[in-house]
Amino acid sequence: MPLNRRKFLKKSAATGAGVAIASAAAAPAAQAAPGTPAKKPAKRYSLTVMGTTDLHGHVFNWDYFKDAEYADKAGNAQGLARISTLVNQVREEKGRCNTLLLDAGDTIQGTPLTYYYAKVDPITAEGGPVHPMAQAMNAIGYDAAALGNHEFNYGIETLRKFEEQLRFPLLGANAVDAKTQKPAFPPYFIKKFRVPGAPPVKVAVLGLTNPGIAIWDKAYVQGKLQFPGLEEQAAKWVPKLRSMGADVVIVSAHSGSSGTSSYGDQVPYVENSAALVAQQVPDIDAILVGHAHVEIPELKVTNTRTGKSVVLSEPLAYAERLSVFDVELVFAKGRWTVESVSSKVLNSNTVADDPKITKLLTDEHAKVVEYVNQVVGRATETLTTVEARYKDAPIIDLITKVQEDVVKAALAGTQHASLPVIAQASPFSRTSEIPAGAVTIRDLSSLYVYDNTLVAKLLTGAQIRAYLEYSAEYFVQTAPDAVVDVEKLTNAGNRPDYNYDYVSGLSYDIDIAQAAGSRIKNLTYGGAALDDAQQFVFAVNNYRANGGGAFPHVASAQELWSESTEIRTRIAEWVTAKGVLDPKDFASVDWKLTRNGTPVF
């Protein structure tokens, strides 16, 4: 979909240059001591900025995959309905006219609710529905939100429709038109807060998104949008906001604070750069952090040029927390100055759902519950991911089998039809289960929680070997005589489960007693040692195909085929066509963990 420049300019006039006006009560004047001339007290103003991030379609405290109220060991609660109650409490305490509500991105992907309104009853259809996340966020009264990378998962048309349905701007200073290099979304938002007897306090919010979008959603954005680094774009925009008279500058950044990247050197910009922005770019007062799915009540980062402290906060994902920044200002020498900033997080498990949000979205929620509970087949036995991180589990073989079958069918009659097809899959969830008996869409959706699509790449045996070695870095090196604790066996170097891959169609051992890079042993194909020159068609999800996880060779390999149908949908189609889900149709033991040749399990 071409970017609508006229619409953007009109919108940014309403959100960037134009300002919303709020009124505020000034602090009461201090009483002068008797007998002394009354000294005029300094004018002060207290601003409260609230923030959420990585909502990922969570409106209610409901687990669509389990068809039950959400529950975890930590006692967390989820959903915008809870956040709404917290926001109402803060507004009541501080005065709504003294508050700002922001989000740091990843809103319209992540649950069956968001999938349903992107694909089953899409918001892009003529006369289509208003997205439940737009309804909820409008009702709660958000002031602005930054773009997340997952906003692009369903394509630009769906994102633009969602943007159109919002009553607040979607910000992305570093999402630029590939041809003009001008912002494709409003870069910033400015709001004035009235203070009786003093000039208004002018607050600017700069929105920044993640450079990884160029890799992760390459199919949608290549040639249309580009995503330069957060640091350079903040350095460009913050001085502009100050020159426009901003007294306070808040950044909403869909970027973690660790300074690391999951995509290696494929993109010359840091994925998790929020702390670097604070460190390198002067004149920022606070940063609402997103993307990393970690909880940071308050992190103070010193700016290297000014020596001033910048406060960062990241609320836990899925609407489990609300960040609250308290900004204290004083009026002196004709201008407002930020005197202090502090932050904390509020826990959504301390409150009940806001009945206003419950009433607003009950119908949408009920539709999705009905959809995910459709029976598509029967399983002959229970399949689970509980041990899938360290044992070859049949439930993951189901994914690779479906991917192999889809790619083989797609390449039939082409010059590559005679090549062997192998596939990758990751143990996304530690709790997914397909029970014996009736199998529903929600059972299968819980197995494949991401909206990934399928790509076929051409790789050699040598490249596959390197790929497997890289994947095997996921395991912690464990001495042959050490006691094995499965809770400490995986996630070496903090690598997440979704960046560990099975590869089907081959047989291999992973020797975890060896150093990373020398772990793949007895690698065979068709009963013989793998030929480094042998060519394979590699069925791989688009995240991995585009470089997600920085696996070697795959991003640069020749692409033979790709599609836009989600792998999750392909799994449901495969099970529906079979009618019966029997491990003998898809399961095989392709790999095992060893130590010096002795199996770990």
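Reader: What are the ground rules for the model and numbering?
Author: The model is predicted: local features need pLDDT of at least 70, side-chain atom pairs count only at pLDDT 80 or more, and totals for chains, interfaces and linings use all residues. Residues are numbered from 1 along each chain as its sequence is written, and side-chain values use heavy atoms, with hydrogens and water left out.

Reader: How much space lies in the second largest pocket?
Author: About 400 Å³. A pocket here is an open set of points on a 1 Å grid over the protein atoms alone, where a 1.4 Å probe fits, with protein on both sides within 12 Å along at least five of seven lines. The volume is the space filled by probe spheres set on the points, which are joined across faces, edges and corners.

Reader: Which residues lie nearest its centre?
Author: Arg242, Ile284, Asp285, Lys308 and Val338, out of 21 lining residues; lining means having an atom within 4 Å of a point.

Reader: Which elements give two or more residues to that lining?
Author: β15 (309–314) and β17 (335–347). β17 gives the most, with seven residues. Strands are DSSP runs of E, at least two residues, and helices are runs of H or I, at least four, numbered from the N terminus.

Reader: And how does the lining divide by residue type?
Author: Eight nonpolar, five polar and eight charged. Ala, Val, Leu, Ile, Met, Phe, Trp, Tyr, Cys and Pro count as nonpolar, Asp, Glu, Lys and Arg as charged, and the others, Gly among them, as polar.

Reader: Switching topic: how many salt bridges?
Author: The count is 24, taking a side-chain nitrogen of Lys or Arg within 4 Å of a carboxyl oxygen of Asp or Glu.

Reader: What does Arg44 pair with?
Author: Glu339, with the closest N and O atoms 2.5 Å apart. Arg44 is in strand β2 (residues 43–52) and Glu339 in strand β17, 295 residues apart.

Reader: What about Asp501?
Author: Asp501 meets Arg544 in a salt bridge (2.8 Å, N to O). Asp501 lies in the loop between α13 (461–471) and β24 (502–503) and Arg544 in helix α14 (residues 542–545), so the pair ties together parts 43 residues apart in sequence. Asp501 is buried, at 1%, and Arg544 is buried, at 1%.

Conventions. Buried means under 20% relative accessible area, exposed over 50%, partly exposed in between (1.4 Å probe, protein chains only).
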